[in-house]
Structure formats: C-alpha cells, structure tokens
Amino acid sequence: NVVSCDDYRKVRHADGFGWDIFIRMELLTPLTKALPEHVSEETVVKIALDLTSALELCSRFSIVHRDIKPANIYVGRDGVVRLLDFGLARKSGKTESDAIELTQGYAPPEQYYGDTVRPRSDIYAVGAVFYEMLTLIRPDAATDRMIDDSLPRPSDINADIPDNISRLIMRALALKPQLRVRSARAMK
C-alpha cells in the first residue's frame, strides 16, 4: 500500500547546477478524483484498511510519514489505495521544527510545536483525512482546536456515520498523542 518506484534516472542540468530526476512508477489516480461524490461507509472502511496497512509497513521501519493528506493518497488500477510522497518522512522519535512545511488541518499538534514525532502522529493525520472525507470539514482549519479542543463528532454532523466509526475518528484526532489509537494495526 506504498507507491512503488520501478526505476529512476538522474539527468544533470546542462549548466552543471542541479539535476532532474525522472521516476518510473505505476499509474495512479489521486484519491480525490477516484472518490464518488457521496462516500459510502464501505468505501471509507476499504480506504482505511489500505491506508493503515501502509502505516503498518512504515512502523516496521520506524518511519513516520508526517504529511498524510488527501493529496498524498492515490488509488491504483487494482483499486488499492497507496500512500506516497515521503519527502517529509523521518525516523520515529526524531524531533525537528519545520512547521512551515506542514499542511494545516492534517498535522498533529506535536508536529506544529516541533515535538517528538511517532507513529501516533500519522494516526492523527489519518483521522483528519477521514473526518474531512465523511463531514466535508477539515478538522483543524485554523488551529483553533489546539486551544479549545472543540470539534464536533462526525456522527453529530452526519447522522449516517456509524457511531463506532465516529468514535474511532475522534480517538485518532485526540490532541494528546497518548490518548490516540496506539498504532495503525490497532486502528485497523
């Protein structure tokens, strides 16, 4: 569930400064273009299973993606969801303050403040993606939530969302990492 790179080629610029990198990979469709207008519970569950599988693989190698958002989630011809763009990925526990690069609404509080990132940081982002997918509201649009922790449950916004899915999303979106779902495997 992570995008594969079949081959690559580096071509040095004619002036000698810099390179162009060409990557050959599978043909993928952005998740936002692959989704129907109304996302069913079954579709959300399938995407969640695929995405948490990608995060399980990352966890095995102590990698925290740090940039999970709809723009980095794609669908293959086989219908399998794949995670890509590991440009901000770091080893688990590495502390770096690079808030300028963060995508507002998906990054967890600890990432905004330059605290230690762990797999639970990606769990927050997954929760944000599914919150937005089911409610059409980005959960942290102005970072006000970090101050007052107010965020309506998805089932309060859309009565069609089952309560168990709503609870799981809210647990993934806990502001304190220790209150989040403990791992991608547990979320799955």
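The structure holds 10 salt bridges. Side chains of opposite charge can pair when their charged atoms come close. Here a salt bridge is a side-chain nitrogen of Lys or Arg within 4 Å of a carboxyl oxygen of Asp or Glu. This is a predicted model: local features need pLDDT of at least 70, side-chain atom pairs count only at pLDDT 80 or more, and totals for chains, interfaces and linings use all residues. Residues are numbered from 1 along each chain as its sequence is written, and side-chain values use heavy atoms, with hydrogens and water left out.

Start with aspartate 7. Its salt-bridge partner is arginine 24, and the closest N and O atoms are 3.8 Å apart. The pair links distant parts of the chain: aspartate 7 sits in strand S1 (residues 5–12), arginine 24 in strand S2, 17 residues apart. Helices (H or I, at least four residues) and strands (E, at least two) are DSSP runs, numbered from the N terminus. Aspartate 7 has 39% relative accessibility, so it counts as partly exposed. The cut-offs are these: buried means under 20% relative accessible area, exposed over 50%, and partly exposed in between, with a 1.4 Å probe and protein chains only.

Next comes arginine 82. It forms a salt bridge with glutamate 26, the closest N and O atoms being 3.0 Å apart. This pair also links distant parts of the chain. Arginine 82 belongs to strand S6 (residues 81–83), while glutamate 26 lies in the loop between S2 and strand S3 (28–30), 56 residues apart. Arginine 82 is buried, because its relative accessible area is 12%. A network of salt bridges links Glu26, Asp78 and Arg82.

A further salt bridge joins the side chains of arginine 167 and aspartate 163, at 2.5 Å from N to O. The two are four residues apart in helix H7, so about one helical turn separates them. Arginine 167 is partly exposed, with a relative accessible area of 44%. Aspartate 163 is partly exposed too, at 35%.

Helix H7 leads on to the packing of helices. H4 and helix H7 (residues 163–172) pack at an angle of about 135°, with their axes 7 Å apart. Axes are lines fitted to C-alpha atoms, for helices over the stretch in contact, and angles run from 0 to 180 degrees between N-to-C directions. H4 and H7 are therefore oblique to each other. Angles under 35 degrees count as roughly parallel, over 145 as roughly antiparallel, 65 to 115 as roughly perpendicular, and the rest as oblique. The crossing of H4 and H7 is left-handed.

Helix H4 (residues 119–135) also packs with helix H2 (residues 41–60), at about 165° and with axes 11 Å apart. That angle makes H2 roughly antiparallel to H4. H2 passes H4 in a right-handed crossing. A crossing is left-handed if the near helix is turned anticlockwise from the far one by less than a right angle, and right-handed if clockwise.

Now to serine 62. It lies in the loop between H2 and strand S4 (63–64). Its relative accessible area is 36%, so serine 62 is partly exposed. The C-alpha atoms of serine 62 and arginine 118 are separated by 8.4 Å, though the residues are 56 apart along the chain.

Last, the surface. Tyr8, Trp19, Ile21, Ile23 and Met25 form a nonpolar patch there, with about 560 Å² of accessible area together. The largest share, four residues, comes from strand S2 (residues 19–25). Methionine 25 has its place in S2. It counts as partly exposed because its relative accessibility is 36%. Patches are made of residues with over 30% relative accessible area and no salt bridge: like charges are joined within 9 Å, nonpolar side chains (Val, Leu, Ile, Met, Phe, Trp, Tyr) within 5 Å. Accessible areas come from the Shrake-Rupley method with a 1.4 Å probe; for residues, only the protein chains shown count as cover.
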